[in-house]
Structure formats: structure tokens, C-alpha cells
Amino acid sequence: MAVTAASGIRAVASRAHRQEFVAKLLLRSASIFVVVAMGALLLYLATEGTKLFTVDHVSPFQFLFSPVFDPDGRKPGSLVFIIGSLSITLFAIVIGGPFGIAVGVFLAELAPRRFVNMMKPAIEVLVGIPSVVYGWIGLTLLVPLIRTLTGSNGFGLMAAAIVLSVMILPTVITLSEDALKAVPDALREGSLAMGATRWQTIWRVLIPAAGSGLGVAVILGIARAIGETLAVQLVIGNASVLPTGLLSATAALPTEIVIDMAGAQQGSLLEHALFSMAFLLLLIAMLLILAVRFVMRRRT
Amino acid sequence: MPKTARIAALFLVGALVAPLAALADNSITAAGSTALLPLVKEAAEQYQAKHPDVKIAVSGGGSGTGINQVAQKAIDLGDSDIVATGHPELVDHRVAVTGFAVIAHPGVGVTNLTKKQLQDIFSGKVASWKEVGGADVRVTVINRPRNSGTRAVFTKTVMGDVPLSAAGLTEDATGSVVTTVKSTPGAVSYAAFSGTRGQGLTELSIDGVAPTDDNVTSGKYPVWSYEHMFTNGPPGPDISRFLAFITSNSDLVHKAGYILLRDMKVTETDR
């Protein structure tokens with residue numbers, strides 16, 4: 001009896017042991033696979049993205065700062081797309097940033113419970129809408145509106161900035177609300193106890209206290225805006241010239257890649273230039289992630 | 001067998017069997033020129049009705065895309081408005097001829113322009129239609145992407161050495177060009193006959209020559225090209241039959257808005 005009980009226990013123990021081993025192995029393999037895949041992607045973009053400089057002997061200075069994009073003439077200056085991307089992102093965050101933070105503040109501090117419960121699903125729906133739908137609505141509603149209001153052809157920076165600001169709103173709202181909710185109640189209570197009004201509390205105590213969280217919200221909004229391709233491509237006009245004003249048609253890094261990528265001959269200068277633009281986008285994304293970590297670390 | 005091993009085995013078998021299913025059917029994939037797209041789509045529909053065992057998948061993407069993908073053997077037929085230079089492995093099958101019209105928004109107020117005026121408009125020198133005898137509306141040039149066969153034909157036959165304005169808007173495909181010109185006052189662009197006919201747009205005459213089929217076959221209207229369907233190497237029997245179906249079916253070609261090869265009274269070697 002004692003023998004079977006002991007061997008029974010040993011059998012159970014060794015099966016549990018095996019299951020644990022298999023589980024750990026699967027999880028570890030999955031993680032290693034993801035790391036390897038990401039590393040391979042980075043390596044691929046880095047090698048293809050530098051071919052413009054190593055194989056075609058184009059100077060990085062010309063690539064980054066020349067406004068003339070003429071791949072047939074061996075002049076792949078991407079300044080137009082860099083400025084285009086930065087402009088639409090800047091305007092989108094100028095519109096969407098304060099707006100999103102304001103809504104986040106409202107939801108976290110001032111809105112009644114019922115309103116918050118109604119707004120939450122609405123914001124989630126906004127996140128779920130595919131970008132092609134945003135672009136389509138921009139093309140069919142926003143572009144003609146800008147055309148009638150301003151007399152230009154409707155495509156350009158303004159249309160792209162407005163579409164983008166709507167797209168980054170949910171990100172900024174949700175993260176701002178989280179940032180404010182994370183501020184300890186002690187600060188709120190202390191401020192109110194000292195005789196401050198609700199608005200003074202929000203403006204002078206809570207928002208500064210949530211500063212790093214709000215900074216993260218803005219940076220991630222920027223990250224979303226810089227990478228957005230399809231919605232921007234439908235309304236920005238895709239003209240390879242530097243924007244002269246809010247109403248001029250221009251192009252951005254992702255939109256230029258998507259327009260010329262499929263037809264670029266393998267091994268051509270155009271293909272290498274597009275890869276360099278993709279690599280540049282990757283570097284910008286990594287920079288933004290570093291910025292997020294930096295901002296978050298300053299939170300004590 | 002323990003449960004986890006059983007599940008893993010099932011997945012493995014599934015993963016091995018699934019690709020085999022794809023080898024079974026005879027399917028033809030065609031992609032590329034959006035100027036040729038209406039003809040290939042219509043031909044595919046009629047052919048599949050006659051031969052239900054063959055599946056034909058047709059998409060756009062531009063002439064450059066078509067050539068690239070067939071060169072990489074990703075598709076069977078690469079549709080293009082231009083010849084494939086630098087690809088000696090591709091076999092050229094001409095299926096039709098298409099003319100390209102210079103289209104403008106109906107409100108521009110002109111119906112005929114000289115080649116020089118067109119060059120000035122498309123290179124960005126002309127800011128308002130007033131300068132060429134039209135209405136007081138700002139000129140908005142709409143181009144196609146660099147890989148577009150339509151753009152290549154237009155550049156070769158109209159622009160010559162004059163560069164297209166980089167400040168023009170860019171639209172992906174024949175269809176989106178037509179839509180944008182229709183809705184944007186002052187817009188002007190170029191697109192294949194099959195996409196522009198009956199759309200309510202102004203089709204401009206060049207040096208007094210209207211963009212009609214007759215003017216193309218006689219050689220008076222310069223903006224035309226052969227429509228090519230490239231195969232990587234000699235085509236297999238399925239593809240040959242499909243290509244023969246298109247070239248022998250004059251009704252299909254005419255109804256779709258193209259010109260029969262044999263109607264052409266002039267020939268060109270570099271299109």
C-alpha cells in the first residue's frame with residue numbers, strides 16, 4: 001500500500017513537472033521568436049535602408065536636406081516628405097493635443113458617472129474605425145468643404161491635419177484620463193482643504209502632477225500621427241513639393257512610400273530611396289519610444 | 001497520447017495539408033495597368049462563364065507593378081501600357097490598342113489646346129485657364145505615380161523633354177483620376193479612353209485632333225499605346241487560351257472601349 005501510494009505521488013509529481021517544463025518551453029520559445037522576428041526586421045530595414053548610400057553613393061546630406069525629389073535624375077532629396085510628415089503631425093497635435101487632454105481632464109475630474117459610462121464606448125468605437133474609413137470621409141466630406149470655404153482644390157496640409165487630429169483623439173483622451181486618475185487623492189484633498197476651487201485644483205495641482213503622463217499621451221499621439229498612411233494619402237494631394245501654406249498639397253514619408261513602392265523596379269535607385277525613407281520612419285518611431293521612456297522615468 | 005501532443009500533431013498536419021489545396025485548381029492571376037483593367041476584367045468574366053473550371057483573379061496596381069510582379073513570378077500575367085525594358089525574360093503579348101485622352105473638369109471652358117499649351121499647363125507654367133482662353137479658374141494638374149504606364153505614354157507623346165510639374169496632385173489609378181477630375185474645378189489630367197468615355201468630362205482635342213478611335217487608328221491623334229500582357233517565359237496552355245480569347249474577340253474589345261490591333265494603320269516600335 002505504502003509502495004503504490006509513494007509511486008503514485010511520484011507519478012503525479014513528475015507529470016506536473018513535465019507540464020511545467022513544457023509550458024515554460026512554449027512561453028520561452030514564443031518570446032524568443034518575437035525577439036528574433038523583430039531583430040530580423042530591424043536588420044532588414046537597416047541593410048536595405050542604407051543601400052542608397054553604400055550602393056548608389058547618394059550622400060545622406062542630399063537625401064535628408066534636398067527638396068528636389070527626382071529619382072530618374074539620381075537626386076532623391078526627401079526634404080519634402082520629411083517636412084510634410086512633420087507639418088501634418090505638428091498641426092494634428094496642436095489641434096488634437098489640447099482638445100484630447102481637455103476631454104481627458106473632463107472625464108477624470110468633472111464628468112458625472114453616467115456621462116463617463118456613455119463616453120467610454122464612444123471613444124473605443126473611434127479607435128476601432130479603420131483608417132481607410134477616416135480617409136474616405138475626409139475625401140468625400142472634408143476636402144469639398146475646404147474647397148468651398150477657401151477656394152483651393154481642397155487637398156493638402158489642412159485636410160490631412162484635421163483628419164489626423166481626429167484619429168489621434170482617442171489615444172490622447174484615454175491616456176490623459178489615465179494619467180489624471182493616477183494622481184493620488186491626497187493631492188486633491190490637500191488642495192481643496194487649503195481652500196482652492198476645483199478649477200484651481202485641476203489647473204495648478206493635478207495637471208502639473210500628471211505632467212509626465214500627459215507628456216506620454218502627447219508623444220504617443222505624435223507616434224500615431226507620424227505613421228498614419230492611408231487616411232493621409234487620400235487627402236494630402238501627394239504633390240512632391242514643399243508646402244507653402246496650410247492649403248498647399250504636399251506629401252509625407254509614408255504616403256510617398258505607398259504611392260511609389262509597388263512600381264519601383266527591384267534594385268533601382270527609387271526602391272533604395274523608398275527603403276531609406278522607411279528606415280527613417282523606423283528611427284523616428286524608436287526616438288519617440290525613447291522619449292516616452294525618458295518622460296516616464298521623470299515621474300517620481 | 002497526451003492532450004498537448006495530440007493538439008500539436010493536429011496543427012502540424014493541418015499546416016502541411018493546407019498549401020496542397022492551393023496547387024489543385026488552375027487559376028490565372030493578372031495584375032498591373034489600370035488602363036487595361038476594364039478589358040481584362042470583362043474578358044475574365046466572359047471567359048470564366050465559358051470555362052467554369054478556370055479561376056482568373058484580376059487587379060490593378062499600375063503598369064510598373066504588373067511588370068515587376070510578373071518578373072518575380074508572383075503573378076501569371078503582367079498588364080502594362082508600356083514595353084518592359086530591362087526584362088528579357090518577359091514575353092510580350094499585345095492584346096489591344098488604347099488611346100489616352102486629356103480630360104478636364106467641365107467648367108474649364110476650352111475644348112481644344114495646342115501641344116505647346118498642354119506642355120505649359122502640365123509643367124506648371126500656366127496658373128489659370130484664362131491664360132489659354134478658358135474660364136477664370138485655377139489650373140490643378142493631376143498626375144499619376146512614377147510607375148504608371150499612362151503617365152509614361154503621356155510623357156513620351158505630349159510632354160517630350162518638358163518635365164511634369166512636381167506640384168501636381170498625384171492619384172493612384174485611372175479610376176481615381178477620373179473621380180478627382182470630375183469633382184475638382186479646374187482639374188486636368190490624362191487617362192485611357194476606356195475610363196474617360198461617358199463620364200461627363202471635357203475630353204480636350206490636341207492641335208485640333210479629337211480623341212476618337214478613328215483618329216488613333218489613322219495616326220492623327222498621338223496619345224496611344226499598345227496594351228501588353230506579359231508572361232514570364234512562354235505561356236502555358238491555360239494562359240495561351242485566355243490570351244487567344246481576348247485577341248480574337250473583337251466585340252469584347254470594342255465594347256470595353258479599346259481598339260483592335262488589326263485596325264491600326266500606323267505602327268510604333270517603342271510602345
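Biologist: At roughly what angle do the axes of H3(A) and H9(A) cross?
Modeller: Roughly 140°, and the axes come within 9 Å. H3 of chain A is residues 79-110 and H9 of chain A is residues 211-227. Axes here are lines fitted to C-alpha atoms, for helices over the stretch in contact, with angles from 0 to 180 degrees between N-to-C directions. One caution: this is a predicted model, where local features need pLDDT of at least 70 and side-chain atom pairs count only at pLDDT 80 or more, while totals for chains, interfaces and linings use all residues. As for labels, residues are numbered from 1 along each chain as its sequence is written, and chains are lettered from A and ligands numbered from 1 in the order in which they are written.

Biologist: Which residues of H3(A) and H9(A) make the contact?
Modeller: Among them are A:Ile88, A:Ala92, A:Gly96 and A:Gly100 of H3(A), and A:Leu214, A:Gly221 and A:Ala225 of H9(A). In contact means that C-beta atoms, placed from the backbone, lie within 7 Å. The residues divide into ten nonpolar, six polar and no charged. Ala, Val, Leu, Ile, Met, Phe, Trp, Tyr, Cys and Pro count as nonpolar, Asp, Glu, Lys and Arg as charged, and the others, Gly among them, as polar.

Biologist: OK, next pair. How far apart are the axes of H5(A) and H6(A)?
Modeller: 10 Å, with a packing angle of about 135° between H5 (residues 131-150) and H6 (residues 157-181) of chain A. H5(A) and H6(A) are therefore oblique to each other, and their crossing is right-handed. A:Gly135, A:Gly138 and A:Leu142 are among the H5(A) residues there, and A:Ala159 and A:Val163 among those of H6(A). By class, that contact has ten nonpolar, three polar and no charged residues.

Biologist: Which residues have the most contacts inside the largest nonpolar core?
Modeller: A:Ala159, A:Ala160, A:Val163, A:Leu164 and A:Val235, in a core of 139 residues. A nonpolar core is a set of buried Ala, Val, Leu, Ile, Met, Phe, Trp, Tyr and Cys residues joined through C-beta atoms within 7 Å. The largest share, 17 residues, comes from H6(A). A:Leu164 touches A:Ile88, A:Ala92, A:Ala225, A:Glu228 and A:Val232, leaving out residues up to four places away in sequence.

Biologist: Changing topic: is A:Asn238 buried or exposed?
Modeller: Buried, with 27 C-beta neighbours inside 10 Å. The cut-offs are 20 or more other C-beta atoms within 10 Å for buried, 12 or fewer for exposed, and partly exposed in between. A:Asn238 also has a positive phi of about 50° although it is not a glycine.

Biologist: And what about the phi of A:His57?
Modeller: That phi is near 55°, again positive in a residue other than glycine. A:His57 lies in the loop between H1 (2-54) and H2 (60-65) of chain A, and is exposed, with 8 other C-beta atoms within 10 Å.

Biologist: Last one: how many helices and strands does chain B have?
Modeller: Ten helices and ten strands, where helices (H or I, at least four residues) and strands (E, at least two) are DSSP runs numbered from the N terminus. Of its 271 residues, 45% count as buried.

Technical notes:
Parallel < 35°, antiparallel > 145°, perpendicular 65-115°, else oblique. Left-handed = near helix turned anticlockwise from the far one by under 90°. Contact = placed C-beta atoms within 7 Å.
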